Structures are given as structure tokens and as C-alpha cells.
Amino acid sequence: MFAYPSLYVTIIFLIAIVISPTISSVFGSLSTTTINSSTYPISNLSSSTPSTAQKEKNNLTSTFEITDEIKALIDDHLDKNKTNAAIAIGFIDPNGTQFYGHGKMSNTSNATVDENTVFSIGSTTKVFTTTLLADMVNKGLIKLDDPIEKYLPSNVTVPQYNGHKITIEDLATHTSGLPEFPDNYCPSFDPAKTAVQDSIQYRKNLMNCTKNYTFDQLYQALSNFTLSREPGSKVEYSTFGIGLLGHILTLKSNMTSFDKLLDHNILDVLGMNDTSFSLSDSQKSRLAVGHFNGQEELPTLNMSSPIAPGGALHSTVSDMLKFLSANMGLIKTILDDAMQDSHLIRLSTGQLLPNNLQASDNNNTGLYIGLGWFITTNFGHEVIWHNGATLGGYNAYMAFNPTTERGIVILCSTDTSDINITTISFSQNDELSSLIWSLLNQ
């Protein structure tokens, strides 16, 4: 998940508390769309046995549809926080796609979000980057076990640990040993100043800083970093590593930019015309503006090119369902093999979650990583997922179960401190999260 240190405290706090939402009255106009006509709940990561009440509830939710209960819970998430933001959710299975949206695109717009509303998707960008990698591996253009220094300029010093080198696969599985962000990335940022981080002006200042980060600075950060362990030995979430991976793929492809590489090999193939780093005039007119503190609007974040492969994409629910459809095999494309390869479990995370948060230990569940994707499994069913959040006031979540052939996308236009969609993957303390997991696994 593309995030920043101020999110650590927020997410840890949300994981620790139990949220008991009360359904409130519907606020604002609603939008519901059905397109094309159409178990393994982890209610608590420290407990693998669902209650009798939970089992009975799961039996009632076996039909995969966006029910009135889900709509009410989404509405409640927005309304109880008195936020001007919006949530858009999409379902996909072999019967087609469904959509529901609640909330306005901006403080001054009366338009309700729909399946074509544009959101920032944060670190879900990472699985697009690793799918590109898998595709280039299948084409024989790059090898997972190649040391990354093979693809970088000769004047760049790549750190080693006792002779062990960082490989391409290490970058894609967050096992390179590189930190979440480069040490020289926006030096003014001080994670100790949590009160300052929670001000809108600080976020604006940081956003202005991040867009100016250069590839020379990226190389400098890599050259000056000292590894503390052998690459490949431990998962430690690294946006730095995925950004570097995207740069290496661009260099190897001879494309002029990562944007063009992604367009040519994935977005154009899947017809994802509303997924991009920069926004067209049409997309700007359909942008759900990011919020902080529920009410305050933030400017659009233009993340620098070196880090963009780790968290800078914008997309819509409609486009993201196309991506999930291809990953689930509901449509057949030239990316089939690459996508299946990206889902393969490569190593255990040791219960480590995105942003290096620690999940509760549970011997009956496994938390693993593929190429970019996280995989949660009870060794019968598995859910393949990723989440994301940005400084610009967005958070997102997407997941699918290849056994049940069910997929879900949720996009939100406010900060995780207001509404946290990202924790659906590992914090089942609220009703919406439990319901989503039940639906995915039945």
C-alpha cells in the first residue's frame, strides 16, 4: 500500500479497536448500476473459528450481489464521519459486474460517483508493475533471478550483503532489504512530528516536495544504502523497491517512460482507458477529489516518475473490474500466463502486512506474497489482494477469490484516518469488512 509513516499509527489504532457501526439515515443521492445483467472469512486474525451467528450470517450472504445491507453500511461509513467524500464499490463474477456509489465527486459538485468516476488507487499500482514484470519474464526479456545491477547504469552502486546481491524477484516480493521510501525522499518529512503530519498544509507541502524527486536522487539513495540482511530472506514492504523495479523494466523495454510501457502492455490490452498516471481533461472532469478530515479537499498528487510505479495510478471501478476479470480468467488475454504467474505464492510474509504492519499470529491462516500480490489462505481457499492509500486523500482495496470466481473493488476519496477501506484485508472488526470477506469466500 502506498502510504507514509503517519498512516502507521492510524492503521494500528484501527486494527486494535472494535468498530460497531450503527446504520444511519441515507445522506446524499445514491447511484446503483448493474452491468452485463448480471469459505473463508477471517473475522479475526487471532481466531480462526467463526461463531455460530457468523456461520448463519454467511449462509444468508451466499448470493454474490451488492445488497441493501452493503449499501447501508457504505452509506453509514460516510455519513457517520460527516464526510464530503465518496465510496464506489464494484463486484465481478461469471454473471457480470455490479456497481454502487455513494457520495459526491467534490465539495462543490452535486454529481454522485459512478463506475466511471476517477479515483487515485495508491499502492494497488504495484500489482500492475509486477504484472508487467511477469509478462517481460515470459517474453524472455528479463529473468527473476538476475541481479538488478545487470540492468542499471554502471556508475550506480548497488548494495550487497556478504556477497549476496539484490535480484529482480527480491524487488517484486518486497524482500530486497530496501526501506519503504528512499532515505533522501522529501528530506523535510519527519515521522516523529505526527501532529504536523496531520495538518492539511503539511500534506500539501509534502506533495509539492515528492513531485520533484529525480532518478539521480533515486540512484544516490540506492548507492548510499547499507543492507542489514541478506536479500530474499525477509519480507519488508518497499515502495522504493517497486519504483526501482518499474524503472528497470522501462530501461529494459527501451520505452521512453513507464507510462508508455504500462499503456502498451497492459492498459491498452484490457481496454482500461481511464487508468493513467496523469489525468486528461475528461478524467479531471470525472475526478472524485481527495479529502482530509472528512471535509477539506486536497490537490491532485503528482508523484515523481521514480516512485510512480509504486503508487501513482488513477483509475475507475469499471476499469479495475476489467483488471480483476483478466486476473480471474473470466476473460482470456495475452496476459493470462503473466497474471497467473504473479499469483503464485513465493514466500510467507511472516504475518507482515503492507506498510510493515504485523498481523495477529494465526496457525490456521497463511499470509503470503506472490509477485506484488498478497495472498491470504486457509490452504483450501485463497484470497489474492492488494490495497492502497495516498497523501492526496484516497484509499483503495481490490481482491478476488480464484476458487469462487468472485472479485471486489472499493475506492474511497478520503484519508484512512477518516474511513479506512485498506484494512478490509486484515481487520475484520467491522460489519462491512466481515461481510465482504464472507461474500468473497462463499
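Modeller: In this predicted model, local features need pLDDT of at least 70 and side-chain atom pairs count only at pLDDT 80 or more, while totals for chains, interfaces and linings use all residues. Residues are numbered from 1 along each chain as its sequence is written, and side-chain values use heavy atoms, with hydrogens and water left out.

Colleague: How many bridges join strand S13 to S14?

Modeller: Strands are DSSP runs (E, at least two residues) numbered from the N terminus, and two of them pair if DSSP finds at least two bridges between them. S13, residues 366-369, runs antiparallel to S14, and isoleucine 369 has phenylalanine 374 of S14 as its bridge partner. The number of bridges joining S13 to S14 is four.

Colleague: Which residue of S15 is the bridge partner of phenylalanine 374?

Modeller: S14 also pairs with S15, residues 382-390, in the antiparallel sense over four bridges. Within S15, the partner of phenylalanine 374 is tryptophan 385.

Colleague: Are the residues on both faces of S14 buried or exposed?

Modeller: In a regular strand the side chains alternate between the two faces of the sheet. In S14, residues 374-377, Phe374 and Thr376 lie on one side and Ile375 and Thr377 on the other. With buried meaning under 20% relative accessible area (1.4 Å probe, protein chains only), all four of these residues are buried.

Colleague: Which residue in the turn between S13 and S14 has a positive phi?

Modeller: These two strands form a hairpin with four residues between them. The turn residue with a positive phi, of about 90°, is glycine 372.

Methods:
Buried means under 20% relative accessible area, exposed over 50%, partly exposed in between (1.4 Å probe, protein chains only).
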